[in-house]
Amino acid sequence: MANNVFGIDLGTNNIKIYSRNDDGIMVEKNMIAIENKNTLFAYGDSAFEMYEKAPSNIHISYPLSNGVIADIQNMETLIKFFIGDLQKGNSKPCDFYVAVPTDVTEVEKRAFYDLIKDANVKAKKIMVVEKAVADGLGMDIDVKNSQGVLVVNVGYETTEISILSLGGIVLSRLIKEGGMKFDDAIRGAVRREFGLIIGGKTAETVKISLRELEEDNCSAIVYGRDIVTGLPVEREIPTQLVVDALEEHFNTIIDNVKVILERTPPELAADIYRHGVYLTGGASQVSHLAERLATGTGLKVNLAENPLTSVAMGLAKIIKDENYKTVAYAIEGMSK
Ligand SMILES: Nc1ncnc2c1ncn2[C@@H]1O[C@H](COP(=O)(O)OP(=O)(O)OP(=O)(O)O)[C@@H](O)[C@H]1O
Ligand SMILES: [Mg+2]
């Protein structure tokens, strides 16, 4: 099979691209920095480096919002540059497999297809794969033969909860929960309790290091700006404050998983009960979420080995193995 094939998982925080040529997955921030309204200044991880620190003539943004494409032009630019980087300047016609969320409108789904078509990347063939199906394959689940698999992907702006059966989606719900809300909750709690304003990156660092801090019985040391004096200060934040701030968001996820379970046809429930929940997505790694999900639903929770890249790993399987090709489809009327 041709080597110029890419599998793309566009996340609101990270873009993951599997390249058949390298047989590897590139992970970069899905972010763009534009100077003076029209000049590309930086993209990916280097744009993120400048985020919250750049002067006002440099505008840094995420082109995706709530899992769908909000800023088409900048998203096209990013795709063009990332694919260009992966092709190392030697641009050839190539095939694309793009993962799309299920619980969005047809127009929003089609936008993922149009994006690749219009990004100037010499697309020969563009196939679409439901994200949760790719997730399942990426977690080594036999999605084509299983009758009832519950996949929960906790990302940045979104959490996607899906029931798969025989290679397709039975139910799926996309909710506005994830790592960004976790960070905001931490910022809010620190502001309320300590009168301290901290940046998004600081909150994210606290969230990611929470488990380790708890294990070591340590507080989080953060730097921010005191609300009253306006001066930069250092504070010790107890881990319990962070755990309490996250609780509400864990509950929203658990409640939505329960709603999906209530709507699941009873014949599929047996398999789900047997296998448990498959939990993935970058933010699924936050301390306590997996245990809370297990107690909240009464189901066993299986953790993804590679939560950030499980969708892209599933796309890689589809690209490499003819057996899985049937789960990908063309958007009608547009494919060659
Ligand atoms: N070890 C970790 N512990 C907790 N959270 C983490 C960890 N590593 C990454 N995250 C969080 O995971 C999130 C990014 O995950 P991911 O790349 O799956 O999201 P995304 O695919 O870009 O978003 P979405 O699926 O909502 O569009 C960020 O909020 C990040 O802070
Ligand atoms: Mg994602």
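This is a predicted model: local features need pLDDT of at least 70, side-chain atom pairs count only at pLDDT 80 or more; totals for chains, interfaces and linings use all residues.
The shell around ligand 1 comprises 21 residues, of which Gly 11, Asn 13, Gly 155, Gly 179 and Gly 282 come nearest to the ligand. By residue class, the shell around ligand 1 divides into 6 nonpolar, 12 polar and 3 charged residues.

The protein chain is assigned three domains, whose bounds are set out below.

| Domain | Residues |
|---|---|
| domain 1 | 5–135 + 310–327 |
| domain 2 | 140–177 + 256–303 |
| domain 3 | 179–244 |

Between domain 1 and domain 3, the C-alpha centres lie 32 Å apart.

The chain also contains an open sheet of 5 strands, in which the pairing is mixed and the order is β13-β12-β11-β17-β18. At its edges stand β13 (168–175) and β18 (301–303), each of which pairs on one side only. From one strand to the next, the twist averages 20°.

In general, the strands of a sheet pair through backbone hydrogen bonds, in either a parallel or an antiparallel manner. Here, strand β12 (residues 159–165) and β13 run antiparallel and are joined by 7 bridges. Within this pairing, Ser 162 stands opposite Ser 172 in β13.

Methods. Residues are numbered from 1 along each chain as its sequence is written. Chains are lettered from A and ligands numbered from 1 in the order in which they are written. A residue is near a molecule or strand if its C-beta atom, placed from the backbone, lies within 6 Å of it. Ala, Val, Leu, Ile, Met, Phe, Trp, Tyr, Cys and Pro count as nonpolar, Asp, Glu, Lys and Arg as charged, and the others, Gly among them, as polar. Two strands pair if DSSP finds at least two bridges between them. Helices (H or I, at least four residues) and strands (E, at least two) are DSSP runs, numbered from the N terminus. Axes are lines fitted to C-alpha atoms, for helices over the stretch in contact, and angles run from 0 to 180 degrees between N-to-C directions. Domain bounds come from an automatic or database domain assignment.
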